[in-house]
Amino acid sequence: MAEMGSKGVTAGKIASNVQKKLTRAQEKVLQKLGKADETKDEQFEQCVQNFNKQLTEGTRLQKDLRTYLASVKAMHEASKKLNECLQEVYEPDWPGRDEASKIAENNDLLWLDYHQKLVDQALLTMDTYLGQFPDIKSRIAKRGRKLVDYDSARHHYESLQTAKKKDEAKIAKAEEELIKAQKVFEEMNVDLQEELPSLWNSRVGFYVNTFQSIAGLEENFHKEMSKLNQNLNDVLVSLEKEHGSNTFAIKAQPSDNAPAKGNKSPSPPPDGSPAATPEIRVNHEPEPAGAATPGAALPRSPSQSSLPAVVVETFSATVNGTVEGGSGAGRLDLPPGFMFKVQAQHDYTATDTDELQLKAGDVVLVIPFQNPEEQDEGWLMGVKESDWNLHKELEKCRGVFPENFTARVQ
């Protein structure tokens, strides 16, 4: 009998809970449709918004703190491996071996201590802080359900009072249920009205304590680590002094023939033929009247032979008033500054927008760079003769090309 009674109570509770859910659902539908008024508390709703914001911020802080701890652990492992490597390469007869080993041991202990203190003073505090939110969140949800129950009981009581045929017994029972629902709701509401603002205000002190703990622990850690690093440095300095004559000097790789960083480096011709460097010659022939003094010779410096062909050609034109093969420098049918012609001996595929695309046999009119500092060794500036005859526009046609893909023809 007791078992049956127990089952009966359980069944009764289930039925009661189902009925409550149905009543709440109906009430919410009526409220959404505007057929039933809803009790509003804007102050409490603001508290709930603050609570949700505080929970979101705390959850993110906890996640980022765990990530930070994982990074500390990873750095500890990396530091440990590095010190193990140092101990392996540190030969037994070298001075300071014991000191280096002791420093590595202290380094390991310092990392362990730092990680553990972060867990104790930051992470556990963080977990405790967030531990109070689930219960409060559950109580907020329960308050919401009890508010719906209160509104439903209120509407039921009001409908009985305004009915044409009044049933005093039903009205009395409805009033009793209304008072009961109101009491349950108000008890929960009062507690949360006091608790939520207090929790919201506590966040400031919590954030301050948490970040102060992290900052203080990190500061002390780096101070102690700095001392260990200085001790290790002193040990290595002593080792260097004793074996100074065997110190390995790191020298830069020779780069006499390498182009400057960022400069173009011309590719060798396809057939491996030697670069077709234009012959540097100075015009010593007499000039027409009005030109430079007849027979004037180009001054030659000791380093002239190492200058690029284009520089020498341009210098020659300046002194003698002409460049060999460039008697048309001032003619209107040639580009301004024209110096000499070259012919492509091999196809060249442009690899940049400022380069000329060449086919074997193309004739190129060589002109000086607008800014001589932009000229890379082994490259010339020019315009294909066919493009110049067609467009007569340097801006659209000129480009750079590798000198060793061409041969001087004029």
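The legends below describe close-up views of a predicted model.

**View 1. Helices H4 and H5 pack against each other.** Helix H4 covers residues 133-161, and helix H5 covers residues 168-242. The crossing of H4 and H5 is left-handed. Among the residues of the contact of H4 with H5, 18 are nonpolar, four are polar and eleven are charged.

**View 2. Tyr150 and Phe185 form an aromatic pair.** The structure holds ten aromatic pairs. In the pair shown here, the ring centres of Tyr150 and Phe185 are 6.0 Å apart and the planes stand at 5°, so the pair is stacked. Tyr150 belongs to helix H4 and Phe185 to helix H5, so the pair ties together parts that are 35 residues apart in sequence. Tyr150 has a relative accessible area of 15% and is buried. Phe185 is also buried, with a relative accessible area of 8%.

**View 3. Tyr348 and Phe405 form an edge-to-face aromatic pair.** The distance is 5.2 Å centre to centre, with 70° between the planes. Tyr348 sits in the loop between S1 and S2, and Phe405 sits in the loop between S4 and S5. The pair thus links distant parts of the chain, 57 residues apart. Tyr348 counts as buried at 7% relative accessibility, and Phe405 counts as buried at 4%.

**View 4. Ring pairs link five residues into a cluster.** The members of the cluster are Phe51, Tyr129, Phe133, Phe206 and Tyr207.

**View 5. Five strands form an open sheet.** The order of the strands is S4-S3-S2-S1-S5, and the pairing is antiparallel. Strand S4 (399-402) and strand S5 (406-408) stand at the edges. Each of these two has a single partner strand, so one side of each is left without a neighbour in the sheet. On average, neighbouring strands of this sheet are turned by 50° against each other, direction ignored.

**View 6. Strands S1 and S2 are joined by bridges.** Strand S1 spans residues 340-344, and strand S2 spans residues 363-367. The two strands run antiparallel, and four bridges join them. Phe340 stands opposite Val366 in S2.

Key: Residues are numbered from 1 along each chain as its sequence is written. This is a predicted model: local features need pLDDT of at least 70, side-chain atom pairs count only at pLDDT 80 or more; totals for chains, interfaces and linings use all residues. Side-chain values use heavy atoms; hydrogens and water are left out. Axes are lines fitted to C-alpha atoms, for helices over the stretch in contact, and angles run from 0 to 180 degrees between N-to-C directions. A crossing is left-handed if the near helix is turned anticlockwise from the far one by less than a right angle, and right-handed if clockwise. Ala, Val, Leu, Ile, Met, Phe, Trp, Tyr, Cys and Pro count as nonpolar, Asp, Glu, Lys and Arg as charged, and the others, Gly among them, as polar. Two strands pair if DSSP finds at least two bridges between them. Rings of Phe, Tyr and Trp (its six-membered ring) pair if their centres lie within 6.5 Å; planes under 30 degrees apart count as stacked, over 60 as edge-to-face and the rest as tilted. Buried means under 20% relative accessible area, exposed over 50%, partly exposed in between (1.4 Å probe, protein chains only).
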